[in-house]
Amino acid sequence: QVTLEESGGGLVQAGGSLTLSCAASGLAFSRTHVGWWRQVPGKDREWVASASYGGQILYAPSFRGRSTISRDNGASTVTLQMYSLRPEDTGVYYCAAQSGTTWAPAGDYHYWGQGTQVTVSS
């Protein structure tokens, strides 16, 4: 079966940085689009960033310029480096995978991890 496992979440002070990692298994990672999402209690899940298997990268406006998504096809992993963190960045971060040839960065994803908690204190 397909599994996505996030790690790297934790508590960080405002202005600090954090790197999240996601390990994928059970799918053709090099032919799969990947993305990161965040969910805050009481809110819908929000798209953060996405990387296509063709090398394209897009960020949500609130994360553009202070985060970096990258993928390692050989290791079947995707990471999200976040900088200048703010308390409003707090939430559960999920990695997700999207199969197919058409890239929809903020669209529907087929596979999801269990999430990792990120808490930014002021």
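How many disulfides does the count come to, if a disulfide is taken as a pair of cysteine sulfur atoms within 2.5 Å? By this rule the count comes to one disulfide. The structure is a predicted model, in which local features need pLDDT of at least 70 and side-chain atom pairs count only at pLDDT 80 or more, whereas totals for chains, interfaces and linings use all residues. Residues are numbered from 1 along each chain as its sequence is written, and side-chain values use heavy atoms, with hydrogens and water left out.

In general terms, a disulfide is a covalent bond that joins the sulfur atoms of two cysteines. Here the bond is formed by cysteine 22 and cysteine 95, whose sulfur atoms lie 1.9 Å apart. The pair links distant parts of the chain, 73 residues apart, since cysteine 22 belongs to strand β3 (residues 18-25) and cysteine 95 to strand β9 (residues 91-98); strands (E, at least two residues) are DSSP runs, numbered from the N terminus. The link of cysteine 22 and cysteine 95 is right-handed, with 50° about the S-S bond. Both cysteine 22 and cysteine 95 are buried, where buried means under 20% relative accessible area, exposed over 50% and partly exposed in between (1.4 Å probe, protein chains only).

Strand β3 also takes part in an open sheet of four strands, which follow the order β1-β3-β8-β7 with antiparallel pairing; two strands pair if DSSP finds at least two bridges between them. The edge strands of this sheet are β1 and β7, each of which pairs on one side only. Between β1 and β3, the antiparallel pairing extends over five bridges. Within this pairing, leucine 4 stands opposite alanine 24 in β3, and glutamate 6 stands opposite cysteine 22 in β3. In a regular strand, side chains alternate between the two faces of the sheet. Strand β1 (residues 3-7) has a covered face, made up of Leu4 and Glu6, and an uncovered face with Thr3, Glu5 and Ser7.

A further residue beside cysteine 22 is serine 76, which is in contact (heavy atoms within 4.5 Å) with Cys22, Ala23, Ala24 and Phe29 when its neighbours within four places in sequence are left aside. Serine 76 lies in the loop between β7 (67-72) and β8 (77-82), and this residue counts as buried because its relative accessibility is 18%.

Terms used:
A disulfide is a pair of cysteine sulfur atoms within 2.5 Å.
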